[in-house]
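Here is a short walk through a protein model, meant to be read with the structure open beside you.

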Amino acid sequence: MFERIGDLLVREKVITPAQLEEALSYQKRNGGRLGTSLVKLKYCSEDDVARILSRQYGVPSHTLHELSVPAEVLRLVPRETAERMQILPLERNGAALRLAMADPTNVFALDDVKFMTGLNLEPVVASESAIQAAIQRCYGEIDNDGDQIQKVIEDLELSETEAIETELDLDTKLDELEKAAEAAPVVRLVNAILTEALRRGASDIHLEPYERLLRVRYRIDGVLQEVMQPPMKLRNAMVSRLKIMAKLDISEKRLPQDGRIMLRTTHENKTKVLDLRVSTLPTLFGEKIVMRLLDKENLRLDMTKLGFEPAALAHFQEAIHKPYGMVLVTGPTGSGKTNTLYSAISQLNTPDTNIMTAEDPVEFQLAGINQVQVKEQIGLNFAAALRSFLRQDPNIILVGEIRDFETAEIAVKAALTGHLVLSTLHTNDAPSTITRLMNMGIEPFLVATSVNLICAQRLIRRICAHCGEPRPLPERELRDLGFSPEEAASVIPRRGAGCGECNGSGYRGRVGLFEVMPMEEELRDMVLVGASALDLKRKALEQGMKTLRRAGLEKVKEGVTTVEEILRETVK
């Protein structure tokens with residue numbers, strides 16, 4: 001247990017017991033902190049208070065004079081909270097936050113700041129007047145209104161949280177679970193988590209229960225970032241609240257469930273409909289919930305803005321405008337394949353064209369396009385949907401993913417009978433897609449004649465436009481990366497220093513890398529004779545194909561991304 005500051009000062013003989021009693025009476029009449037009352041009564045100085053606390057608790061002291069705190073660190077704690085609790089965030093180092101406090105025994109302040117930031121705290125003692133002056137100087141005009149999660153946490157009153165103080169277990173009655181889910185602090189906290197994810201540009205929200213903590217993470221620009229750790233006592237209430245919003249069965253905790261949440265919210269003075277795809281999964285310590293944010297405004301349908309190199313874009317557009325054949329987009333989950341296909345069919349969407357899609361799930365609704373949601377549990381898989389499409393007089397067919405021989409066979413036959421077929425596969429690069437199709441059981445002559453073009457892609461993070469700066473590297477490292485000696489002598493890579501706009505990450509937004517392999521006659525002939533993926537790649541490079549690594553190097557030359565991003569997503 002922490003010892004009260006007054007008792008510490010008496011024990012250190014800085015003040016007498018009588019002076020402490022008088023200071024407590026003064027504090028009771030006038031309010032404020034005990035240390036402030038002692039200083040006002042001139043029984044001790046602020047430096048005495050800071051010195052005693054520093055020595056007693058083994059934490060350093062700080063004068064805070066002429067201190068400069070980065071904006072992204074100040075944004076971790078709203079100014080109102082800093083003024084109310086007499087604290088000041090000083091420096092973030094990984095998962096740790098240095099926090100100046102007038103009284104490091106204030107466990108309520110420590111708990112609240114740890115709750116709102118999700119960081120480990122390293123207290124530093126400073127005098128109250130020094131903290132007040134530093135708050136005025138450092139915060140300046142910084143706007144903390146956007147961080148709704150912090151505001152909600154700040155507003156959670158003890159009287160409201162008492163209603164859900166009892167830990168809910170698996171045997172809790174349904175009416176109690178529903179009551180807890182509708183409690184005011186839970187509703188506001190869940191709403192704040194959802195709208196803050198929209199504000200930060202997150203693509204996914206993860207709510208993860210563990211043995212002793214509950215963690216909330218956002219996936220921003222493809223990278224997961226921890227944003228908070230709500231109290232464990234809110235775990236079941238928060239999960240139930242989300243399941244109620246998604247119209248799921250809150251009594252079913254043993255099986256995975258899928259649902260959808262539609263919210264109307266105001267963002268940047270515009271009313272937006274927030275569409276979230278919700279997935280629950282039973283884990284060892286409770287149900288994990290992952291929500292995918294489907295924001296149609298973030299869907300880029302202009303192919304020229306996806307990141308294609310000019311020559312690659314020309315090949316791709318030529319392939320999708322052919323009357324028949326197959327165009328395949330490959331890459332791992334989360335590499336932007338759906339966005340590329342949507343961009344392609346949006347360009348092809350005209351009143352005289354019948355476009356039909358089979359997707360799992362349908363992420364965005366596009367006007368003028370017939371979209372079908374695949375439902376495996378009732379037998380409506382990709383193959384069944386494709387068979388039906390062929391009786392619906394289509395011009396263009398989009399298959400969400402080719403997963404098996406049956407789907408691949410029907411797609412190939414559709415491509416050979418006068419239809420343009422667009423689809424995706426999970427392969428590492430463009431040439432290996434040919435081998436993958438043949439391993440599925442498709443005959444080489446069918447692959448050679450049906451495929452028009454294969455596009456492999458990845459998503460990499462863009463350098464933040466507000467804090468980008470040059471970061472020269474030795475020529476040897478650049479040559480090892482793949483640059484020619486001439487390029488290595490002239491290329492100056494860039495990086496993001498980290499600022500408030502990018503939450504200190506140095507990155508903001510993403511751009512695609514594309515490896516486009518058009519099926520020229522020589523490549524078709526090689527497929528017919530069973531050439532390996534390595535031979536196909538060698539021939540494609542001779543014909544001018546740029547690999548994913550080369551496309552990445554071009555982005556480094558242009559100052560769009562960093563060397564680290566290219567190393568993370570591509571191989572030589």
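**The chain as a whole**

Keep in mind that this is a predicted model. The protein chain has 572 residues, and 50% of them are buried. Its secondary structure comes to 25 helices and 18 strands. Of the contacts with a separation of 6 or more, 65% are between residues 24 or more positions apart.

**Nonpolar cores**

The largest nonpolar core is built from 56 residues. Those with the most contacts inside this core are M326, L328, I434, V451, F483 and M517. Helix α17 (residues 405-416) supplies the largest share, with six residues. Another core lies apart from it and has 33 residues, including V186, L189, L214 and I220.

Leaving aside residues up to four places away in sequence, I434 touches V447, I454, M517, M519, V527 and L536. One of these partners, M517, is also on the list of residues with the most contacts in the core.

**Two crossing helices**

How do helix α14 and helix α15 cross? The axes of α14 (residues 310-320) and α15 (residues 337-348) come within 11 Å and cross at roughly 60 degrees. That angle makes α14 oblique to α15. The crossing of α14 past α15 is right-handed.

On the α14 side, the residues at the contact are F316, Q317 and I320, and they meet T340, A344, Q347 and L348 of α15. Sorted by class, this contact has four nonpolar and three polar residues, with no charged ones.

**Backbone details**

Most residues other than glycine have a negative phi, and most peptide bonds are trans. Against that background, the peptide bond from D360 to P361 is cis, with omega near 0 degrees. P361 sits in the loop between β11 (355-359) and β12 (370-373).

| Residue | Phi | Loop between | Relative accessible area |
|---|---|---|---|
| Q86 | about 55 degrees | α6 (79-85) and β1 (87-93) | 8% |

Note on methods
Residues numbered from 1 in each chain as written. Predicted model: local features only at pLDDT ≥ 70, side-chain atom pairs only at ≥ 80, totals over all residues. Heavy atoms only, no water. Core = buried A, V, L, I, M, F, W, Y, C linked by side-chain atoms within 4.5 Å. Buried < 20%, exposed > 50% of the residue type's maximum accessible area, 1.4 Å probe, protein only. Helix = DSSP H or I, 4+ residues; strand = E, 2+ residues; numbered from the N terminus. Contact = heavy atoms within 4.5 Å. Axes fitted to C-alpha atoms, helices over the stretch in contact; angles between N-to-C directions. Parallel < 35°, antiparallel > 145°, perpendicular 65-115°, else oblique. Left-handed = near helix turned anticlockwise from the far one by under 90°. Nonpolar A, V, L, I, M, F, W, Y, C, P; charged D, E, K, R; others polar.
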